[in-house]
Amino acid sequence: WPRLADSPPSRGQARYARVGSGSPRPQRIQALRGVARAAGLLLAALTSALALGVPLLTLGNWLLAGGLEVWQVPELLPSLRQTLMLASLGALLTTCAAIPVAWLSIRAPGRLLRLLESCNYLTSSLPGIVVALALVTVTVKFARPIYQTSFTVLLAYLLMFLPRALVSLRAGIAQAPVELENIARSLGRSPLQALWRVTLRLAAPGAAAGAALVFLAISNELTATLLLAPNGTRTLATGFWARTSEIDYVAAAPYALIMILLSLPLTGLLYHQSRRTAGR
């Protein structure tokens with residue numbers, strides 16, 4: 001197969017997909033035995049207990065202390081609706097914006113594309129407060145009509161979480177052989193039709209995984225939402241922050257529980273996708 005030119009050294013020059021007969025050699029799994037197996041299981045159990053057990057026990061104590069009254073907060077349901085709306089729109093916008101960058105980085109790699117891709121990672125590495133304050137400054141000075149609007153909030157999500165969609169989508173496109181796209185074009189499809197009907201269909205699981213990652217990140221995002229959202233916007237994260245700022249942990253517990261429950265289906269989707277990718 002032809003090698004990918006100008007690929008970053010960390011990615012290597014190997015292709016991630018092929019067409020034709022044959023199958024990859026299965027990887028041999030080395031099972032742990034004896035002390036190594038016991039140590040591995042103990043480490044995994046301890047990590048799970050610290051990461052999940054302690055927060056869930058604390059959250060359970062707060063919920064039991066509050067009883068049914070903590071679920072009668074009138075702001076709880078509107079917070080859930082606004083969180084779902086912003087997270088869904090943000091995930092859709094970010095995934096769509098990642099498509100051209102991911103496609104070009106695979107099909108036409110070069111220095112300019114590497115620079116563009118690196119800029120996205122650099123922006124994502126900045127603290128949320130930095131991105132939010134930058135957008136506040138720009139919108140106040142040059143675009144006052146969009147200051148404290150949903151558009152500005154979604155733009156902040158795009159800048160902060162684009163790499164989460166880009167990495168998954170790039171991996172999906174890399175596993176779609178370019179020969180299939182060329183065959184579709186030889187059969188009369190336009191480049192956009194070949195991209196949509198062949199490449200993006202094969203990359204759809206990766207796009208779904210990237211959208212799920214962005215959705216999870218937005219549903220828990222706090223800083224940019226506080227600074228940029230329109231007046232009256234209340235998400236689960238901002239509601240939780242408001243209650244904990246008043247040291248009212250009992251009232252904050254329902255917000256935390258809903259955020260956890262909201263993440264479970266998408267976490268299951270990511271787990272299923274990882275098992276499918278591993279061929280298990």
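Is Gln 148 buried, partly exposed or exposed? The legends below take up this residue among other sites.

**Figure 1. Overall fold of the predicted model.** This is a predicted model, in which local features need pLDDT of at least 70 and side-chain atom pairs count only at pLDDT 80 or more, while totals for chains, interfaces and linings use all residues. Residues are numbered from 1 along each chain as its sequence is written, and side-chain values use heavy atoms, with hydrogens and water left out. The protein contains 11 helices and 0 strands (DSSP runs numbered from the N terminus, helices being H or I of at least four residues and strands E of at least two). Of its 280 residues, 34% are buried (under 20% relative accessible area; exposed is over 50%, and partly exposed lies in between, with a 1.4 Å probe and protein chains only). Among contacts (heavy atoms within 4.5 Å) between residues at least 6 apart in sequence, 77% join residues at least 24 apart. The accessible surface (Shrake-Rupley method, 1.4 Å probe; for residues, only the protein chains shown count as cover) amounts to about 17,200 Å², and 66% of this belongs to carbon and sulfur atoms.

**Figure 2. The aromatic pair of Trp 62 and Tyr 249.** The whole structure has 2 aromatic pairs (rings of Phe, Tyr and Trp, the last by its six-membered ring, with centres within 6.5 Å; planes under 30 degrees apart count as stacked, over 60 as edge-to-face and the rest as tilted). In one of them, the ring centres of Trp 62 and Tyr 249 lie 5.2 Å apart with the planes at 10°, so the pair is stacked. The pair links distant parts of the chain, 187 residues apart: Trp 62 belongs to helix α1 (residues 34–66) and Tyr 249 to helix α11 (residues 249–278). Trp 62 is partly exposed at 26% relative accessibility, and Tyr 249 is partly exposed at 37%.

**Figure 3. Loop residue Gln 148.** Gln 148 is situated in the loop between α4 (128–142) and α5 (150–174). Although not a glycine, Gln 148 has a positive phi of about 55°. Most residues other than glycine have a negative phi. With a relative accessibility of 26%, Gln 148 is partly exposed.

**Figure 4. Loop residue Ile 247.** The loop between α10 (236–245) and α11 contains Ile 247, a non-glycine residue with a positive phi of about 55°. Ile 247 is exposed, its relative accessible area being 61%.

**Figure 5. Cysteines Cys 96 and Cys 119.** The structure holds 0 disulfides (pairs of cysteine sulfur atoms within 2.5 Å). Cys 96 is partly exposed, at 45% relative accessible area; Cys 119 is partly exposed at 39%.
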